[in-house]
Structure formats: structure tokens, C-alpha cells
Amino acid sequence: MKRILSVAIVALAANGCGKTADSDTNNNPNNVVVGDCAATDITGEIENGAIEGDVTFCGLVVVNDDIYNSGPTTVTVRPGTVFRFGVDRYMELGWAGNEATLNAEGTAEDPIVFEGSTSEAGHWQGLRLRGSVNSDSVIDHIIVRDAGGQGEPAINNESERGLLFKNVTIENSGSTGLASASFKAGSENLSVKDSEGPAVSLLNALAVSNLPLGGTFENNSKNFVQIDFGTLDVDTTWKDATIPTASTRISTTRGTRFSSPSNPTWSLNST
């Protein structure tokens with residue numbers, strides 16, 4: 001059982017504001033610049049990752065222990081923040097059924113980066129968004145790399161509430177790039193590169209209609225969208241996953257059934 005700490009104990013001294021997070025080009029090849037950090041922001045090294053209440057991350061965050069919410073929380077991440085995870089570490093929101101909202105809104109100029117302390121596929125486990133992560137969450141202009149350790153997807157979204165994913169890039173995953181149970185309408189521009197598993201795994205029929213298009217799939221072990229649910233029990237529109245690379249397709253792995261007692265409708269959309 002993990003020990004619950006207050007935010008005041010978790011928060012650490014600032015490591016500087018408005019400066020490049022790290023000059024190590026192996027771990028920060030995009031030379032990401034961090035924004036201004038407030039005195040109450042969490043930054044620096046995380047030695048015990050339990051968070052409680054509303055928190056904001058900023059600057060370079062070195063993750064030496066798993067980050068998870070021990071109570072209801074809203075987690076805000078400032079543009080340009082860089083999370084650097086130790087081996088087998090992860091961030092989990094919605095832990096033990098606790099309500100959580102994630103506001104990770106980077107920009108094209110200052111994306112939010114989640115990466116390993118070593119640039120190796122599967123170095124850390126990934127982002128876990130459990131079922132109690134709510135639909136107000138926004139994940140925009142983020143880069144996730146070097147995750148997928150212990151067979152975990154780089155991003156594992158189990159929430160069926162519809163989360164907004166925009167301008168998400170996943171690189172160098174040791175497993176699946178993104179596994180998701182749902183997407184909010186307006187999700188777009190998902191790119192997955194160099195994953196050792198499928199680019200995308202859909203965990204629920206709720207993820208079908210709003211599958212984010214507009215990005216690229218490149219050099220993944222399985223360069224396609226994989227269906228990992230068994231029953232189609234909601235109305236869905238199956239989109240043409242027009243990814244400008246070869247060998248893109250949608251496959252089923254668990255005998256998906258196109259019928260249910262609720263008699264949903266489904267359609268194909270090639271536009």
C-alpha cells in the first residue's frame with residue numbers, strides 16, 4: 001500500500017523558470033524550453049509520487065517514484081514541462097477509483113514531454129488514465145517516448161468518458177503506442193513511431209467513431225489500428241484510417257461481433 005502524502009510534502013524547490021530543461025541532447029533532442037513556474041508548482045525530483053488535491057507541474061520533473069493520485073485531483077501541466085522517468089516508473093491518474101482531471105495542454109512551440117531517463121524503448125512504463133479520469137481532461141501537444149515497459153502501452157486510456165487527444169506524438173514504445181477505451185469528438189493528429197507493438201489498440205467500441213486521424217504511423221511493429229474489444233454495442237462510424245504510410249489497416253483480434261441486443265447501427269466512412 002502506498003503512503004498518502006499532501007501536496008505540500010510532494011512539492012519541491014523550483015529548478016529555474018523559463019530556461020531549457022536540459023542540455024542533454026540524448027534525452028531532450030527537441031531542446032524543449034520550459035515556461036515560467038509558480039512558487040507552488042511541483043518541479044525538480046519526485047521521491048514519493050502520491051499527490052492529493054489540485055496540483056500543477058512545471059519545468060523539469062525527474063520521476064524517481066510512481067506518480068498517482070491518492071484522492072480527487074486536477075493535474076495541470078504547464079507548456080514546455082519535461083517529465084523524465086526512471087526505469088519502470090509510471091504516472092497513474094484515477095488510481096483506486098479516485099476522480100481525476102488531466103489538463104496537459106502544451107503548444108506547438110512548447111510541447112509537454114514525457115520521456116525516459118535513458119533513450120531506450122520500454123525504459124519506463126507509461127501514462128495510465130484509469131476509468132475515473134473525467135471528460136474535462138485535455139491532452140494536447142504532448143510527446144511520449146521511451147515508454148512501454150513491462151508490456152504496458154505508452155499511453156493506456158481506460159476511461160470511457162471521452163477524453164480529448166490532440167496533437168499527440170508517441171515514439172519508441174516498447175509495447176503498444178496508445179491503447180484507448182474512448183476519444184472525445186474533436187480528437188485529432190495522433191502520430192505513433194517506432195513502437196514494438198501496434199500503433200493503436202482500441203479497447204472499447206466507444207473509441208471507434210472519434211479515433212483521432214491526421215497524424216502518421218511510421219515504423220511500428222504493427223503499423224495499424226488493432227481492435228481489442230469483443231462486442232460492438234454502441235452506434236459507431238468506422239473511419240478510413242488514412243495514415244500516409246504503407247501497411248495501415250484495422251484488424252480484429254478477439255472476434256468482434258457486429259450485433260448486440262441494443263441493435264446499434266454502424267457505418268463506414270471513407271472521407
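## Aromatic rings in this model

Let's start with F83: its relative accessibility is 0%, so F83 counts as buried. Keep in mind that this is a predicted model. F114 has a relative accessibility of 2%, and F114 therefore counts as buried too.

These two residues also meet each other. Across the structure there are 6 aromatic pairs. In one of them, the ring centres of F83 and F114 are 4.7 Å apart with the planes at 0°, so this pair is stacked.

Now for another pair. F85 and W124 are stacked as well, at 3.9 Å from centre to centre and with 5° between the planes. This pair again joins distant parts of the chain, 39 residues apart: F85 sits in strand β6, and W124 in the loop between β9 and β10 (126–129). Are F85 and W124 buried or exposed? Both are buried.

Here are the two pairs side by side:

| Pair | Centre to centre | Angle between planes |
|---|---|---|
| F83 and F114 | 4.7 Å | 0° |
| F85 and W124 | 3.9 Å | 5° |

Which residues make up the aromatic cluster? F83 and F114 are in it, along with F85, W124 and F57, and together they form one cluster.

One more ring deserves a look, this time with a charged partner. R128 lies over the face of Y90, and the distance to the ring centre is 3.7 Å.

Note on methods:
Residues are numbered from 1 along each chain as its sequence is written. This is a predicted model: local features need pLDDT of at least 70, side-chain atom pairs count only at pLDDT 80 or more; totals for chains, interfaces and linings use all residues. Side-chain values use heavy atoms; hydrogens and water are left out. Rings of Phe, Tyr and Trp (its six-membered ring) pair if their centres lie within 6.5 Å; planes under 30 degrees apart count as stacked, over 60 as edge-to-face and the rest as tilted. Buried means under 20% relative accessible area, exposed over 50%, partly exposed in between (1.4 Å probe, protein chains only). Helices (H or I, at least four residues) and strands (E, at least two) are DSSP runs, numbered from the N terminus. A charge sits over a ring if NZ of Lys or CZ of Arg is within 6 Å of the ring centre and within 35 degrees of the ring normal.
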